[in-house]
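Look at the model with its backbone shown first, then with its surface. The paragraphs below go through a few local features in turn.

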Amino acid sequence: MDALILIGSFMVLITLRMPVAYALGLAALLGAWWIDIPFGAMMIQVAGGINKFSLLAIPFFVLAGAIMAEGGMARRLVAFAGVLVGFVRGGLSLVNIMSSAFFGAISGSSLADTASVGSVLIPEMEKNGYPREFSTAVTVSGSVQALLTPPSHNSVLYSLAAGGTISIASLFVAGIGPGVLLSVVMMGMCLYFARKRNYPKGDVIPLRQALKICVEALWGMMTMVIILGGILSGIFTATESASIAVVWAFFVTMFIYRDYKWRDLPKLMHRTVRTLSIVMILIAFASAFGYMMTLMEIPSQITSALLTISDNRYVVLMCINFMLLVLGTLMDMAPLILILTPILMPVITDIGVDPVHFGMIMLVNLGIGLITPPVGAVLFVGAAVGKVTIENTVKALLPFYLALFAVLLAVTYIPAISLWLPSLV
């Protein structure tokens with residue numbers, strides 16, 4: 001009955017279209033009232049949920065990504081990718097995937113990736129003979145890479161939701177393998193369609209121009225080196241690397257590229273703060289909700305229920321994948337990570353799955369949810385940028401969904417894809 005009151009009230013509030021953060025907070029208060037927990041204890045949990053030093057990584061990474069997204073980095077990365085792969089048949093679609101990989105490793109955000117890379121490449125692809133629906137589908141599906149590769153904000157959220165027991169640096173390194181696999185599979189799909197539909201080849205860029213493009217892109221790509229190199233060498237922590245990335249992004253954007261106007265900086269800061277306020281409120285209320293779930297022993301009940309189905313690791317992981325895929329189409333990624341991680345952590349520990357490996361499984365699952373209706377935020381942004389209806393975008397995405405499911409199965413059942421690099425470091 002306790003679980004019904006807590007989770008049932010949350011689902012009712014969501015159905016009534018209340019924002020997820022407030023639905024979590026009100027459901028937690030109702031649960032506290034039901035089992036006679038003082039509201040003061042809940043307020044302590046709300047405050048404690050965001051009183052963590054590691055959380056500073058999120059605002060800094062978001063700000064660094066926003067500065068780079070609006071400061072001309074996307075255009076330069078597209079040009080750099082064009083130097084590498086733009087000359088083959090279907091080259092622009094490969095450029096799209098590779099640009100998403102590069103930009104995702106700077107922004108850590110699928111939304112920023114889709115908006116920035118899509119606004120540059122979708123019109124260009126259409127101009128060169130690619131259907132607009134296909135161009136939009138490539139952009140949207142390619143943006144899932146940003147959720148896996150460092151500096152993924154969602155990896156930080158997963159570490160937080162797991163109680164801070166999982167190293168953010170380990171999650172960052174673990175995301176490289178799945179991210180590269182996803183990129184390779186997507187590029188393979190693009191090559192297949194390019195040959196089947198006879199998409200055009202790009203031009204070979206002259207050496208002098210190619211060198212200039214590479215040098216310009218190198219300044220922005222140094223952000224990746226700073227973030228990963230600093231963390232892996234032990235020079236600074238993930239949180240410290242985020243703050244240094246902001247300083248570097250600001251320096252490159254305002255003094256090297258100089259595409260962004262100083263008078264626009266206050267607006268950028270305002271948009272960033274608005275985004276972060278939503279995230280922080282969500283984290284605070286999710287902390288109280290998770291506290292109530294622990295008191296009501298909901299995670300242990302769900303563990304018992306899943307292990308009743310089967311004690312086979314592969315079967316349990318398949319059930320979890322199915323659940324995450326369904327929930328990912330109905331709710332946004334951040335609240336699902338914060339809600340489900342404390343619930344599923346005992347399950348995966350019980351069946352012997354490494355928490356770092358499971359983090360990658362969760363990110364791929366929920367990343368697919370972000371590009372799937374009815375609540376796929378990245379899908380909506382991609383359709384808006386590409387000026388294509390949701391229905392046509394989903395239709396063009398169908399083969400890419402199959403590729404994403406193949407990647408999901410590989411990441412789920414081949415742990416080395418996620419754990420090999422962390423084991424070396």
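Helices are DSSP runs of H or I with at least four residues, strands are runs of E with at least two, and both are numbered from the N terminus. This is a predicted model, in which local features need pLDDT of at least 70, side-chain atom pairs count only at pLDDT 80 or more, and totals for chains, interfaces and linings use all residues. Residues are numbered from 1 along each chain as its sequence is written, and side-chain values use heavy atoms, leaving out hydrogens and water.

Start with the loop between α20 (377–386) and α21 (390–413), where K387 lies. K387 is not a glycine, yet its phi is positive, near 55 degrees. The relative accessible area of K387 is 71%, so this residue is exposed (exposed means over 50%, buried under 20%, and partly exposed in between, with a 1.4 Å probe and protein chains only).

D36 sits in the loop between α2 (20–34) and α3 (39–50). The phi of D36 is also a positive value in a residue other than glycine, near 65 degrees. D36 counts as exposed because its relative accessibility is 68%.

Helix α2 also contains W34. W34 has a relative accessible area of 36%, so it is partly exposed.

Now turn to the backbone at a pair of prolines. The peptide bond from P150 to P151 is cis, and its omega is near 5 degrees. P151 belongs to the loop that runs between α9 (145–148) and α10 (153–161).
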